[in-house]
Amino acid sequence: MPLDLDTGPIGGELDADVLVIGAHWDAFAEWFTAIWEHGHHVALIGPTRQGKTNLLIELGRLRPYAVILDSKGMDRTLQESGYRRIGAWPPPSDVWDDIADGLPAHLLIGGPVRSDQEWDRLASVISDALTGVFQAHGSWTVGVDELQITSQMMGLKRKIERNLIAAADRGVTMITGYQAPSWVPTAASRQARWLFLYPTRDEDVIKNVAAKAGRPWRDLKEALHVLPDYHVLVAGTNPRVPLVITHAPKQTPRRTRNDT
Ligand SMILES: Nc1ncnc2c1ncn2[C@@H]1O[C@H](COP(=O)(O)OP(=O)(O)O)[C@@H](O)[C@H]1O
Ligand SMILES: [Mg+2]
């Protein structure tokens, strides 16, 4: 598919054959929406505070039905998303009514965590949601923010791995967000069709993504080197798709309805 993005130099000497730079979000979103199939998982990989959660929110908006699992309980960036926070899966009936009327649904699952008890409850709510969303009709997109927490601290690693494999056949898309360094070779990166990589000094992470994307790792390293703040390098696993740099707009704080 030809890529016709509104591009502009953002610094650095880059090989134009491998890279389209400076893609504004709207242009990127239009391009990506056209090729991002249901069941094609996305991995967002980068150090903390680079904008992973912000991007996860914007990717979710490209889909009609998205639910983000907030494993921190009340992530601050998620709080500004305008997504509706529900206490547990399944969503309340008015959400299904909206869907039946052809409206989109953008939901958060999580709630305040002030005690061990609430922490255990959140883990079980997230676990139930992971099961339930797969049984729902429609092609939901599931955001697993902070995969390390969900996977390791909540003990849901095997469940997430099973879901990543099962989801593709069901047309459910999973977007996982996790931190680098501290790369753990997880099913999330193995199963992802799209890898969104933020600047990191951890060359093992870059090599891992490069291998998955079938690219020379030095191309990725060079591209990452010139990324301005909050920008991300997008590598598809289809080698015919160019590497793209984009950035999502920062959330303009919206009222988030809390049903919890
Ligand atoms: N595109 C952006 N432009 C400006 N600020 C941003 C952008 N994306 C994120 N931020 C800000 O950076 C901080 C961290 O963003 P967040 O998405 O929570 O990062 P992460 O999930 O990687 O820790 C937040 O305060 C957020 O508002
Ligand atoms: Mg985050």
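At what angle do helix α9 (residues 203-213) and helix α10 (residues 217-225) pack?

**Entry 1: α9 and α10**

I began with this pair, keeping in mind that the model is predicted. The packing angle comes out at about 120 degrees, and the two axes are 8 Å apart. Angles of 65 to 115 degrees would count as roughly perpendicular and those over 145 as roughly antiparallel; α9 and α10 are therefore oblique to each other. I also noted the handedness of their crossing, which is right-handed. On the α9 side I found I206, K207, V209 and A210 making the contact, and they meet W217, L220, K221 and L224 of α10. Sorted by class, the residues of this contact are 6 nonpolar and 2 charged, with no polar ones.

**Entry 2: α5 and α7**

Next I looked up helix α5 (residues 116-135) and helix α7 (residues 157-170). Their axes cross at roughly 15 degrees and come within 11 Å. Since angles under 35 degrees count as roughly parallel, that is how α5 lies to α7. This crossing is left-handed. From α5, the contact takes in S127, L130 and F134; from α7, it takes in K159, I160, N163, A166, A167 and R170. The class count here is 5 nonpolar, 2 polar and 2 charged residues.

**Entry 3: around ligand 1**

Which residues come nearest to ligand 1? I found G51, K52, T53, N54 and T77, out of 13 residues around it. The shell divides into 7 polar, 3 nonpolar and 3 charged residues.

**Entry 4: two backbone details**

Where does P90 sit? I located P90 in the loop between β4 (84-86) and α4 (93-100). The peptide bond that joins W89 to P90 is cis, with omega at about 5 degrees.

My other stop was E146, in the loop between β6 (141-144) and α6 (147-153). Its phi is near 55 degrees, which is a positive value in a residue that is not glycine.

**Entry 5: confidence**

The chain average is 88, and 90% of the residues score at least 70. Over which residues does pLDDT stay under 50? I found residues 9-13, and for this stretch the model has 9 contacts beyond four places in sequence.

Notes
Residues numbered from 1 in each chain as written. Chains lettered and ligands numbered in written order. Predicted model: local features only at pLDDT ≥ 70, side-chain atom pairs only at ≥ 80, totals over all residues. Near = placed C-beta within 6 Å. Nonpolar A, V, L, I, M, F, W, Y, C, P; charged D, E, K, R; others polar. Axes fitted to C-alpha atoms, helices over the stretch in contact; angles between N-to-C directions. Helix = DSSP H or I, 4+ residues; strand = E, 2+ residues; numbered from the N terminus. Left-handed = near helix turned anticlockwise from the far one by under 90°. Contact = placed C-beta atoms within 7 Å. pLDDT = per-residue confidence, 0-100.
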